[in-house]
Amino acid sequence: SRLHATLNQIQASDVTFTSDIISTVEFNHTGELLATGDKGGRVVIFQREPESKTEPFSQGEYNVYSTFQSHEPEFDYLKSLEIEEKINKIRWLPQQNAAHFLLSTNDKTIKLWKVSERDKRPEGYNLKDEEGRIKDISTVTSLQVPVLKPMDLMVEVSPRRVFANAHTYHVNSISVNSDYETYMSADDLRINLWHLDITDRSFNIVDIKPVNMEDLTEVITAAEFHPHHCNLFVYSSSKGTLRLCDMREAALCDKHSKLFEEPEDPSARSFFSEIISSVSDVKFSHSGRYLLTRDYLTAKVWDLNMESKPLETYQVHDYLRSKLCSLYENDCIFDKFECAWNGSDSVIMTGAYNNFFRMFDRNTKRDVTLEASRESSKPRAVLKPRRVCAAGGKRRKDDISVDSLDFTKKILHTAWHPTENIIAIAATNNLYIFQDKLNSEMH
């Protein structure tokens, strides 16, 4: 819980432009790179600087490595629909060579990007001049061997594949398979399987669209491949269910292998029950044994071997139960919070309102509420645990009343370094990176 900031927010602007709002955050497989996507269609990649030899205990900070425009706004003339440029998800491919590859998607189109470095340039062409223009062959009187000369490091980002025209509805998830050859993309009603080298066709592996749309009872909210078994994937629904599917059973995985669902308590049923039970995110643990889900009020850990109920349930902000009516009126009840595992699957993290984020230790059952704010993000500052008290409850000195929470400040997107206690928190148009002070001093 003792975290301190290693980096101030990246965009310290008092004016929040809608296009600057961060919409996804993702570490690569080593944690050396961190990518963010925003509502303006931009991707910003941060690279971790090498550790300083003069300060052996100071972890390397993340600095901007590359920025590029991934998606542009489009217009679907057949349906008279504007397609936003907003980046919904970014997923890194495991590094195979010196270059890095990542997938990014907006509502309709997925793109594969190559990120590479260049620190040498060729000189001494025989048929081109220094400006790159073709020489008149009659002026070439001698031949020379071209050489590579050092130059300032340049990061080049180039689009390698564009996977388009496969989704009728909005893409909410992409997930790279453990075979590193295929990936899937999910929208509200369908999940498609792609080969990374083939852009003109994909295979539909889940289709829950009814013949009559009036019979529609649920939509797909998130989907992810198992980290080790390339035939298994899970998808969540707006009804609060999880379906584990095995691609070995059938080409179309409409029949699930396992259904994870918690029976509803009839006494607790209300007008808002269905809305708050919708699963907004699902993540496999690194071990592949557990599933982590997030709905509006809780985070749950499921064991793949137990379908009847979750193994653990964590209350993220139970004090909001009395506020559901006003949260419905201002549309906050439809916010989609993400969740994340730490590298050893022992701690989970998810966001809340007022720029708060929550961490739950699965072993000790301790939890902490922390705040990502400009005041607390000075380098080396230790974050103080925060506490929210219910309306009318007894307040301690630093407690915050549920009535004074700012619902416009919400932590929807978070990411955890794959091996170290470093977390990335997206708060509107600010990116905060925190690390565990105790952990860095021990190593």
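How many aromatic pairs does the count come to? The count comes to 19 aromatic pairs. Here, rings of Phe, Tyr and Trp (its six-membered ring) pair if their centres lie within 6.5 Å; planes under 30 degrees apart are stacked, over 60 edge-to-face, and the rest tilted. The model is predicted: local features need pLDDT of at least 70, side-chain atom pairs count only at pLDDT 80 or more, and totals for chains, interfaces and linings use all residues. Residues are numbered from 1 along each chain as its sequence is written, and side-chain values use heavy atoms, leaving out hydrogens and water.

**Aromatic rings**

- Tyr183 and Trp194 are stacked, because their ring centres are 6.1 Å apart and their planes lie at 5°.
- Tyr183 is in strand 13 (residues 182-186) and Trp194 in strand 14 (residues 190-195), so this pair ties together parts 11 residues apart in sequence. Strands (E, at least two residues) and helices (H or I, at least four) are DSSP runs, numbered from the N terminus.
- Both Tyr183 and Trp194 are buried. Buried means under 20% relative accessible area, exposed over 50%, and partly exposed in between (1.4 Å probe, protein chains only).
- Tyr432 and Phe434 are also stacked, as their ring centres are 6.0 Å apart with planes at 5°. Tyr432 is buried at 2% relative accessibility, and Phe434 is buried at 0%.
- Phe271, Phe272, Tyr328 and Phe334 are linked by ring pairs into a cluster.

**Salt bridges**

- The whole structure has 23 salt bridges. Each is a side-chain nitrogen of Lys or Arg within 4 Å of a carboxyl oxygen of Asp or Glu.
- Arg42 and Asp20 form one of them, with their closest N and O atoms 2.8 Å apart. Arg42 lies in strand 4 (residues 42-48) and Asp20 in the loop between strand 1 (3-7) and strand 2, so the bridge ties together parts 22 residues apart in sequence.
- Arg42 is partly exposed at 24%, while Asp20 is buried at 16%.
- A salt-bridge network links Asp20, Asp38 and Arg42.
- Asp403 and Lys323 also meet in a salt bridge (2.4 Å, N to O). Asp403 lies in the loop between strand 29 (400-401) and strand 30 (413-416), and Lys323 in the loop between strand 23 (312-315) and helix 2 (324-329), so parts 80 residues apart in sequence are tied together.
- Asp403 is exposed, at 51% relative accessibility.
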